[in-house]
Amino acid sequence: MVTIRGIAASLGIAIGKTFVVLRGDDTPVALNTAADSVEKEANRFHEARQRAREVIVGYAAKNELLVSHIDIIDDEMLIDGVISKLSAGNPDALSALEQTCSEITALFVDIDDEYLRSRADDIIDVCSRIKEELRGRSVSPFAEIPDGSIVVADNLMPSDMALIDMDKVAGIALEHGGTTSHACIIARNRALPAAIGFGKALQSVSGGVTAVLDGEAGLLVIDPDEETLSRAIEKQRRKDDLMRNFKIETGGIEVSVLANTGSVSDVRRAIECGAAGIGLLRTEFIFMQADSFPGEEEQFRIYSECAKICGEKPLVIRTLDIGADKRLPYFQIRKEENPLMGLRGIRFSLLYPEIFKTQLRAVLRAAATGNVRLMFPMITTINEFDEACRLLDECKSELRIEGMDSDENLCVGMMIETPASVMMSDVFAEKAAFFSIGTNDLLQYLFAIDRDDPYKGYMAEVFPEALERSIARVVSSAQKYGIEVSVCGELASNQAAIGHLLRLGVRKFSVNSCI
């Protein structure tokens, strides 16, 4: 048994066979030295680029995020860079392309923003597609991926994700990459366990070997012993039972189990598998997978389609919650020393009211088509909640004047995920229609420890007393004013914690769906 430590990127436990794609260094190719090689190599590059472009256009038709790759492959900086290097004496198209790619991506190295820094992967991805055409190798390395695979790779580019049959993937382990990479975003969106930052240690991993991937601890266990495998199977079984059937062991207490989702397809799978509704639609995933801020009509279409799928079951739409580890590829948030304590959630929305109001208008209109509720993230003060509601009222008035259908009695709630909102929960309960306790963020703010930090060992207890007192206070406030309270986050699907939550009076749970 070998245990390799990395960095948590998407929570959950995966058990499967390793599927290894470690591309490593490129195989050298024969160099052209003929006097007319410049023209021949230039033509070879243009032909390979055109073939790669056709492939990328096909990918982009299925994945909007890859539309930007068309702009990259058509960019004059890339094309002229290769041709100029050939003219300057570089002997072949492949090496000229590699040098040009390195120069362009070097421009991203010193960017402070992790999300923008990771966009260099898009350039590398496009150049890799051209390289494959130059070599005459265009067969996907993922064509033969078997069911239940733990993908072990140096990195996964956006177009790689378009090639992979994600229904066959149990988990993802990467040598490097960022938590805001396309692969990690998709993993979290699909509730697939993932970990990154394993480094060269992954190069010793063979394909087809049984492995356990712990996305929460950032661990990959190769050839686990019987005890380790049994523990992982039991942990996975409990979570799978909950997430596939949306049922939890309550000792006869009646509860509702809803789903956390990030897309229309997530909503459809959850409802088909028996979820009592959608307790959290993470709209940031919709924004993160676009190439610009989605407009009102596009958002209305998505939200109303989700509402239609839910029917009479509730659909709780959380407004845009970006910042910290969630960034938009087309919008740079100013550099902050501690993003977890900075511009995120409702703070971003209130700072950019036009973006916020576009979303609010779309939600109000969608609410007229189904059982939709609205939820504000990261509320810490009464003024924040009041200002968000004021902007919501503005949108109601605008839609009324424009003669557009909307739900003027829209049910509005808020996340409880900071100590401030816990302490003020009795005041918030007078204003909000419901609470949703986000235990992931609440835990890290209670203990002043990033949930990906090695010091998280201080939070080793499943249900520490500080968390118990916090949730007890919130539930008491909710009961006093007769409003609903639910729990979302990892604890909502942790059987060891559910007993504590039931004892405190929680009767609604919203869990990640990994179907």
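The side chains of Arg 44 and Glu 41 form a salt bridge, with N to O at 3.0 Å. This is a predicted model, in which local features need pLDDT of at least 70 and side-chain atom pairs count only at pLDDT 80 or more, while totals for chains, interfaces and linings use all residues. Residues are numbered from 1 along each chain as its sequence is written, and side-chain values use heavy atoms, with hydrogens and water left out.

Q: Why is the contact of Arg 44 and Glu 41 called a salt bridge?
A: The term requires a side-chain nitrogen of Lys or Arg within 4 Å of a carboxyl oxygen of Asp or Glu. The N to O value for Arg 44 and Glu 41 is 3.0 Å, so the pair qualifies. Both residues lie in helix H1 (residues 37-62), 3 residues apart, about one turn of the helix; helices are DSSP runs (H or I) of at least four residues, and strands (E) of at least two, numbered from the N terminus.

Q: What makes Glu 41 buried or exposed?
A: Buried means under 20% relative accessible area, exposed over 50%, and partly exposed in between (1.4 Å probe, protein chains only). Glu 41 has 3% and is therefore buried.

Q: Why is Arg 44 called partly exposed?
A: Its relative accessible area is 28%, so Arg 44 falls in the intermediate class.

Q: What does the salt bridge between Arg 373 and Glu 484 tie together?
A: The closest N and O atoms of Arg 373 and Glu 484 are 2.9 Å apart. Arg 373 lies in strand E12 (residues 372-376) and Glu 484 in strand E15 (residues 484-488), so the pair ties together parts that are 111 residues apart in sequence. Arg 373 is buried at 18%, whereas Glu 484 is partly exposed at 34%.

Q: What makes E1 and E8 a pair?
A: Two strands pair if DSSP finds at least two bridges between them. E1 and E8 (residues 219-222) have 4 bridges, in the antiparallel sense, and therefore meet this criterion.
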